[in-house]
Amino acid sequence: MRIEFTLNGSAIDLNVPDGMTLLNLLRDRLAVHGVKHGCESGECGACTVLVDGVPINACVMLAPKAQGRDLRTIESFGEHPLHGWRNSAGLHPLQKAFIETGAIQCGYCTPAMVLVADALLSKNPSPTEAEVRESLSGVLCRCTGYLKPVQAILRAAAVLRGEQIEEVSELIPISPELFNSLDFSESDYVYGEEDLQLQTKVGLLPQMQVSQDWETRHTVGRPEPKVDAMKLVQGKSAFTADIEMRGMLTAKLLHSPVAHAEIRSIDTSKALELPGVVAVLTWQDLPRVVYSTAGQSDPIPGPLDTFSLDKKVRFVGDRVAFVAAETEDIANEALALIEVDYKILPAFFEAAQAMEENAPQIHDEPEYVDFGDSDAKRNLAAKIRIDIGDVERGFDEADHIFEETYQVPKVQQAHIEPHVVVTYWDEDDRLVIRCSTQVPFHVRRQLSPVLNLPAKRIRVIKPRIGGGFGGKQEVMIEDVAAHLTIATGRPVRFEYTRAEEFYAARSRHPMSITMKTGVKNDGTITANSMICLSDTGAYGCHALTVTGNTGHKGMALYVGDGKYRQSPNIRFYADVVYSNTPPAGAYRGYGVPQGFWAVDRQMENIARALDLDPLEFRLKNALRAGELQPFSTAWSEGREPQPEIINTCGLEDCVRQGARAIGWDSKFGVSAWKDVPGKPHLKRGIGVATVMQGTAIAYLDMGGASIKMNDDGSFNLLVGATDLGTGSDTVLAQQAAEVLGVPIDDIVVYSSDTDFTPFDKGAYASSTTYISGAAVVIAAEKVAERIRIRAANMLMKAGRREIGPQDLRLSDRKVVAPDGSSVTLEEVALNSLHHEDQEQIMAVGSYVSPVSPPPFAAQFAQVQVDIETGQVVVEKLIMAVDAGVIINPLTASGQVEGGMTQALGYGVCEEMRYDDAGNPREVDFHDYHIFSANEMPELQTIFIETVEPTHPFGVKAVAEIPIDGVAPAVGNAVLDACGAAVNAAPITPERVWTALKGSS
Amino acid sequence: MNYWDQYLLPNSIDEALGMLHEGKGSAKVIAGGTDLLLDILQSRHPAVDALIDITRIPEMQVVERAYDRIYVGGGTTHNDIVANPLLQQNAHCLVEASSLIGGNQVRNVATIGGNVAHALPAGDGSIALLALDAEAEIASRTSRRWIALEDLFLGPRKPAFEPSKEILVRFRFPVLKAGESTMFQRVMRPQGVAIAILNMATWTRKSVEGIIEDIRIAIGPAGPKPLRARKTEQSLRGKAVNEGTLSEAVEALLEETRLRTSPHRATRAYRKHLLSVLLGRQFGNIGPQRGR
Ligand SMILES: Cc1cc2nc3c(=O)[nH]c(=O)nc-3n(C[C@H](O)[C@H](O)[C@H](O)COP(=O)(O)OP(=O)(O)OC[C@H]3O[C@@H](n4cnc5c(N)ncnc54)[C@H](O)[C@@H]3O)c2cc1C
Ligand code: FES
Ligand code: FES
């Protein structure tokens, strides 16, 4: 049908095919890439468009509805302020505010947020925070926790009203002296009442106890705007799917409708006859190469049990066939025409059944390659048996033994950008794989045998990523497009739907964990044991390493006190089993949140049973600086373990400052506080959890960086590190800029392209700022050294007396001598490239660490429980964290806020379940709820800096630890509020209600 | 894929009815499309020849008061309902229900007519309108008629009118008088707007002494269609609210609701319990705790 409308001020008049949604019209026909999508069902809001000024979801609006309307997308907003000789209007105040406040992480939801904010502000120039949150409520963001987007909108509103506002850099509440005088008392914030003036008391920036060197630095430690924010806030075509190629085909995957079966036969003839279908591939068409989809270093620390396509299916959603067609509709139609004859096999969906006598064997293929103690015959993907000290003797020495079993659910990473890949042959017949991945170098290495193509003939490019959280630490769908490009010779795009993300992607391993702890009357832990049954689903990707970390971090924190500090008694046994469910994999936290749900709930139970102060009890037994990470000599991701001493531990300060911030002393055990006046059905509670994580994998994770100096004194920084929205490009640029004495603008970052950048193992294990950052500093130091040598010559030639390079200092785009004389970096660059003794000033650095220094944190939760319905409202989450020196308080607190928000879902509502036939119950954001802006509790971040000696600036990790303690803190707070002991996460209303019934 | 051949944008009800007529049973009304589009794309709905978009018909957008009745056009969006002072005053339960539907962008296009015509047992708008004793005006080529909301549902996704021939034009219900009040409650997963475990809307008229003179209770999901809890209402009529009358009412309510265990939502036992809590709260002056 023919329609006419206005798009961003231009008249459009065109024919649209039947059934086309406005989303497809805008993205596929009109290449308006600022409109994103993250579902196909009106839930995520990424596809927001303004229609006559009103925000709507373009995916649930038919194109013909645009008839006669005025449409606006992010493309109609501002642009980069510098456009050469042409005058530029610059960015819109909303866009500026989003950049300044750090409201952009992956940036995938940003265009939608800007649009809904614009619609709000044009109606209501002075919105309250509650109104801002309500307007944002239809845009799901998995990265930020919404605090900064809300602040951005309030800030932009003030600017648009003509008010004077402070620069973000002026807002930081830091400096060592300042910290102690800061009022960390609790804000009198009410949640759930009519007056929803939420959070306005909580600042944009975290509170910080900074280390001594903070003041001497010019960019490290400062809230620099993200280097990629400019393109993201304009909705530029920066993501994987945002490219157009002539002749590009769309791929689709046929998924198994049954949980366990052999494929007797597949008939693709009807599908192939359908006009527009270019290729259909089944297992018969592909080389049979066994591999693992886990994106990890060589050799893969897990079983090899996967084929691109197999003659057996192992879960509902497993792969059966690939289709490439001219359009998505044709590809979908073709799927329906493929006829498959399945020989149904018995299946099971509970981990507990996996090792039963007659359990069906999920992996009976002869090609299966074991790793460690895996045993496919027993459905055992990995097995861990670690005994540190003498646990039985420790139990004998205890006055009390506590034993309890805890459960954690399977949950989805739920990045808003689905998995997506585009493949094509370039003019050199090299296969280009442009994909949304956390591990571009692993993709190239691991796919090479699968595609039967030497790695040197593959180029992997990682553009911007719309969130990963571990879900993209997986070589999961790249092969589909690659096989189809090989088969057809044409470019292929393959993108998961939201439903596929639920039934055919990865997830967090569900576990059942039994704790047994020996404690003395004085609260000394004498022995601690964890027995863990972990469900890896149908494939063993990350099976060993995720569950290993459950113990390696979860069980390392509590060593005991007194003599037990020197020789703790710790046991960690785990069986990681297969089941006929979608595979689990890597998800932010990597096994550790599972561990701390059990460990910390156990600690709380012990403290309560023995009437010990929960804070002091935890600190009494927790690991301290100078002590051995007890697991470091026992296990190292399936490699040779080496002892690691904890250099820095700010846990005690975290506990004290976090407790102050939440008002612990005036609330914990104070029954008057627990009651809500006039509401006898409501009870308040408060809870804590203390946690630790790691920073990279010792002796394994390596990152590389190279830095090249340009004529104008700017630098290209090339890193293999993979920014998936976390801001790693930015913090790496800050570290380079700090060493080179330039503003961060002078660092042009290019990352993650296997042809152009040095190797990096990828974005996982919270390692980038630490490992890749150290590599950047090494490269920058080498470049700085060359600059100093040349500058010294230049200064001497200019008639100064003898100057040694070691006397020179790089600062403010200059090389400065002790007497104050200087040459600019531009002069040095011109001298080196054009004037004398020419050379390219350039260097490569790489780093691998002998330790994995743990960050530590105390996480606090305040809840309100409706004891009649069991509904839990989390009112406040506070995290005080020692993540070493903070390179960028904006991006780091963004990590904490977003991590806490994901973890909150883990605690109270997220869960993936299966019916008796193995069909998933949750396949969209309707049934699988993730938090929206108007449901959020107050979030507060406190950084307690320690200086980790193994990193040049003292950095430790921050990205994963926020995930670890929220669920147990909320669980402990619910227990505190009403006595409901819910041992299975998530803490749903019905579980609370059931627990209350049981306890009364 | 050909889901339909024609997309039509009529400007009046007569024009729309004519188009339906020409569609000979294979035409379909579309309003906001938020239910219909997903049904079609997910193949829960067969392909049709024509889609007839009723959102450009002015008559269907009107919200007005005439004498002692409020009229709400079937094409009114949920956000228009939320922002409407007349409805805020007279139909609190409807405003509350509409405000809880979907996200902001969905509420900007999804309509109250679509919510009711979709005929789900727990459609938030349907539950609220049922408590308001609303009637729906159904227009066919030859006539217009009013149907009480209670009679408008045959079963899940089955309205009691002919969707390929008729149009739901508007709703009407009495204005709120002294002593009358309405309320909407929804229990869901924690802080989630997503999954309604149970919805309840009530309309009550109390005497100055606090006696319930009249009452209407609507509940979903509690059976194949939105439920008017007639027996429960009867057990409360003419009584003062106290422990005794409440527990009788709860008994009656449990008897007339058909609660099931839904794997997504909650067990039967829990829902039963919730029913009694929600009912108690309608009268205990305890505001429901909304997770937002
Ligand atoms: C993300 C999301 C969240 C949602 N959340 C909720 C929720 O919380 N609660 C809830 O109740 N619903 C919810 N819905 C469902 C839906 O949005 C509402 O039911 C909405 O009111 C439907 O209105 P519509 O105008 O979009 O209907 P449409 O999809 O246009 O129509 C629905 C059906 O009604 C028919 N129809 C529509 N208007 C008329 C008319 N005037 N006369 C005759 N037939 C008509 C259509 O033919 C179709 O069969 C949600 C939907 C989405 C996408
Ligand atoms: S709401 Fe449209 S893509 Fe998710
Ligand atoms: S920044 Fe919102 S989804 Fe990533």
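Trainee: Where is the place of A:P986?
Mentor: A:P986 sits in the loop between α25 (966–978) and α26 (989–999) of chain A. Helices here are DSSP runs of H or I with at least four residues, strands are runs of E with at least two, and both are numbered from the N terminus.

Trainee: Before we go on, what kind of model is this, and how are residues numbered?
Mentor: This is a predicted model, in which local features need pLDDT of at least 70, side-chain atom pairs count only at pLDDT 80 or more, and totals for chains, interfaces and linings use all residues. Residues are numbered from 1 along each chain as its sequence is written, while chains are lettered from A and ligands numbered from 1 in the order in which they are written.

Trainee: What is the mean pLDDT of chain A?
Mentor: The mean is 94, and 96% of the residues of chain A reach 70 or more. pLDDT is the predictor's confidence in each residue, from 0 to 100. Over residues 175–202 of chain A, however, pLDDT stays under 50.

Trainee: Back to A:P986: is its peptide bond from A:A985 cis or trans?
Mentor: That bond is cis, with omega near -5°. In general, most peptide bonds are trans. Chain B has a cis bond as well, joining B:G220 and B:P221, with omega about -10°. B:P221 lies in the loop between β13 (212–220) and β14 (227–228) of chain B.

Trainee: And phi: is the value for A:N379 positive or negative?
Mentor: A:N379 has a positive phi of about 60°, although it is not a glycine. As a rule, most residues other than glycine have a negative phi. A:N379 is found in the loop between β12 (339–344) and β13 (380–388) of chain A.

Trainee: Why is A:N379 called buried?
Mentor: Because 24 other C-beta atoms lie within 10 Å of its own. A residue is buried with 20 or more such atoms, exposed with 12 or fewer and partly exposed in between, the C-beta atoms being placed from the backbone.

Trainee: What about phi of B:A119?
Mentor: Phi of B:A119 is near 60°, again a positive value in a residue other than glycine. B:A119 lies in the loop between α7 (112–117) and α8 (124–131) of chain B, and B:A119 is buried, with 23 other C-beta atoms within 10 Å.

Trainee: New topic: where does ligand 1 lie?
Mentor: Ligand 1 lies between chains A and B. Of the 32 residues around ligand 1, those that come nearest are B:A31, B:G32, B:G102, B:G114 and B:N115. A residue counts as near if its C-beta atom, placed from the backbone, lies within 6 Å of the molecule.

Trainee: Which element gives the largest share of the shell around ligand 1?
Mentor: That is α7(B), with four residues. Elements that each supply at least two residues are β2 (27–30), α7, α8 and β10 (167–174) of chain B.

Trainee: Now a helix: how many residues of α2 (residues 93–100) of chain A are buried?
Mentor: Seven of its eight residues are buried, among them A:L94 and A:F98. The buried residues of α2(A) pack against α3 (110–123), α5 (147–160) and α7 (229–233) of chain A. After α2(A) comes A:G102, whose phi is positive, near 70°.

Trainee: How many residues has the largest nonpolar core?
Mentor: The core has 408 residues, and A:L717, A:A736 and A:V974 have the most contacts inside it. Its largest share, 15 residues, comes from helix α22 (residues 768–797) of chain A. A nonpolar core is a set of buried Ala, Val, Leu, Ile, Met, Phe, Trp, Tyr and Cys residues joined through C-beta atoms within 7 Å.

Trainee: Last one: what is B:L38 in contact with, leaving aside its neighbours within four places in sequence?
Mentor: B:L38 is in contact with A:S41 and A:V60, where contact requires C-beta atoms, placed from the backbone, within 7 Å. B:L38 belongs to helix α2 (residues 36–41) of chain B and is partly exposed, with 18 other C-beta atoms within 10 Å.

Methods:
Contact = placed C-beta atoms within 7 Å.
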